[in-house]
Structures are given as structure tokens and as C-alpha cells.
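Let's take a walk through this structure together, one piece at a time. Have a look at the picture first, and then we'll start with the sheet.

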Amino acid sequence: MNKKGRLVCVGTGIKLMVHMTPISKQQIEQADIVFIAVASSLMGSWIKELNSNIHDLGQYYGEGKSRLDTYKEMIAAIMKEVRSGKNVCAAFYGHPGVFALAPHKVIEIAKKEGYQAHMEAGISAEDCLYADLAIDPGRFGCQHYETTQFMVHNKNIEPSAYLVLWQIGIAGDQELTQFSTTETKLGALRDKLFGIYPEDHEVILYESSTVLLKESRIEKIKLQELANVETSLETTLVIPPLRNKKL
Ligand SMILES: C[S@@+](CC[C@H](N)C(=O)[O-])C[C@H]1O[C@@H](n2cnc3c(N)ncnc32)[C@H](O)[C@@H]1O
């Protein structure tokens, strides 16, 4: 039998107010407490209008502090409330299960301890990039990797399919302590990609707009220019297929 506490992890979507699904909104409104891990203070303020009992998980991040420690603290804070018998909602930006460790882990722990726990899907940056860049992942295939993992491990890349590299804004951060990258690290990424693609291959720096009426960043550059670009924590690198076969 399930114990009294309950957990649901929901996604806020990427665009403020308009991307959140009705079921996620309902979960937030009905929860005893809502944990939030969001990318902007505007999103935080809006969620606070839906439920005033907010606990901001952003406070656990720190410059030079391992993100693994941060995730452990987030999980501990959420589980404390679940164990006390509350109806807990944790809202993560985008889709809570896409390139996000804490939501998967906390659900796993809660279930193991006998609590009812599940995830509701959200609109992720991936969904936005398919729309903004007119990409159908089913046409040529689409590979997704975390940038540093791609740089460090030998991944078998299929160059006739799309390659999407997440977290280019912290490329090369193996200690998981940084919130930015450097020209040198981006240069190392570029050099690794030179082993797969020609130097003049066109790649796209993508940042989905997070508010209505603002344009997304869709910056097309040649691969050889990659070391000198501006990146943020919201930048995703999209590498189109090497050979565009007409289907
Ligand atoms: C920790 S992951 C979180 C992803 C999020 N759960 C989602 O569903 O989109 C952070 C990475 O997602 C991507 N990302 C987040 N916001 C984005 C945006 N507005 N536009 C494009 N990519 C974004 C970037 O690659 C960023 O480094």
C-alpha cells in the first residue's frame, strides 16, 4: 500500500505561461508545497501566483560547487516533504525528464520508499527547436548528447543524421562546477567535430525564446567559427546532417 506522501514532477515548458500543460498547472495549484527549478525569475513569480507555498530549488546552486551535491540537496529537500505526508509538486523548466537528473532520481527514490510518484511531460527545448528550425527528427534521424559527455567519451556519431549537443554553454566542465565555458573548451569541441564534419559545415546556435513576442536565437555559423561564439546556459548546438539525401 502507498504511504500518505505523494510526489509529482511537472514541466513548466519553455515559454512563460503558454507552454505549461493544463495537467501540470492543476498539479501545481493543488499541491501542499511546490518546489521550483526554473530558468527565470518571471517563471518563478508566475508559479507563485498559482500556488503561494513555493520552495526555490535554485538556492542550492553555487559557483564552484558540484552540481551533483546540488542535486542531492534538491532531492533531500523534496523527499523531506514527501516523507512528512504532503502532496508535493516539483516543477522543472522545459520537460522535467529531459536532460535533468534530479526529477528522475527523486521519483525513483520516492517509489522505492513506497510513495506514489510520477512525472508529467512538458514542452522541452527539443520540442521548440523542431518547430523553430523546421526539423523532423524522423527524416534523417537525430542524435542527442550532453556536450561534455560527447567531448570526453567516444560516441559513435552518425553524420547523415542530425546531432544535437545540449549544454554547450558549459562545454568541457568535467567537474560539474561551472556556469560558463571558455574559448579553449569550445575550440576543443570544434576540433573533435572536425574529425566528423568539414571545417565549413554549417551549424546552428539555438536559443528558444522564453517569452511570447520575442524571437528565438537561430545563429548559423561555420563549424570553424565555433570557438569564438557567445553561449549561455540556454544555448543548444544543432548540427545538420552531412549529406542531405532527398527522400
Ligand atoms: C539542464 S538542461 C534542461 C533542459 C530542459 N529540461 C528542457 O526540457 O528543455 C539545460 C540545457 O537545455 C537546453 N536549453 C534550455 N533552455 C533552452 C532554450 N531556451 N533554448 C534552447 N535550448 C535550451 C540547453 O542546451 C541547456 O544547456
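Start with the open sheet: five strands in the order β3-β2-β4-β1-β5, with parallel pairing. Two strands count as paired if DSSP finds at least two bridges between them, and the helices (H or I, at least four residues) and strands (E, at least two) are DSSP runs numbered from the N terminus. At the edges you'll find β3 (54-56) and β5 (116-119), each with a single partner strand, so one side of each has no neighbour in the sheet. From one strand to the next, the twist averages 20°. Those angles run from 0 to 180 degrees between N-to-C directions, and axes are lines fitted to C-alpha atoms, for helices over the stretch in contact.

A word on what you're looking at: this is a predicted model, where local features need pLDDT of at least 70 and side-chain atom pairs count only at pLDDT 80 or more, while totals for chains, interfaces and linings use all residues. Residues are numbered from 1 along each chain as its sequence is written, and side-chain values use heavy atoms, leaving out hydrogens and water.

Now zoom in on β2 (residues 33-37) and β4 (residues 87-92), which run parallel and are joined by five bridges. In one of these pairings, A37 has F92 in β4 as its bridge partner. Helix α2 packs on the sheet, touching β2, β3 and β4, and its direction makes about 170° with that of β2. Touching, or contact, means heavy atoms within 4.5 Å. Helix α3 (residues 67-83) packs on the sheet too: it touches β1, β2, β3 and β4, and its direction makes about 155° with that of β4.

The helices also meet each other. α1 and α2 (residues 41-50) pack at about 65°, with their axes 8 Å apart. That makes the two roughly perpendicular, a label for angles of 65 to 115 degrees. K25, I28 and E29 in α1 meet W46, I47 and L50 in α2.

Finally, where does H19 sit? Look in the loop between β1 (6-11) and α1 (22-30). H19 is buried, with a relative accessible area of 15%; buried means under 20% (1.4 Å probe, protein chains only). The side chain of H19 reaches the backbone nitrogen of K15 at 2.9 Å, and a polar atom of that side chain lies 3.2 Å from the backbone nitrogen of I14. Leaving aside neighbours within four places in sequence, H19 is in contact with T12, G13, I14, I123 and C128.

Definitions and conventions
Buried < 20%, exposed > 50% of the residue type's maximum accessible area, 1.4 Å probe, protein only. Polar contact = N/O pair within 3.5 Å; in protein donor to acceptor, adjacent residues only side chain to side chain. Parallel < 35°, antiparallel > 145°, perpendicular 65-115°, else oblique.
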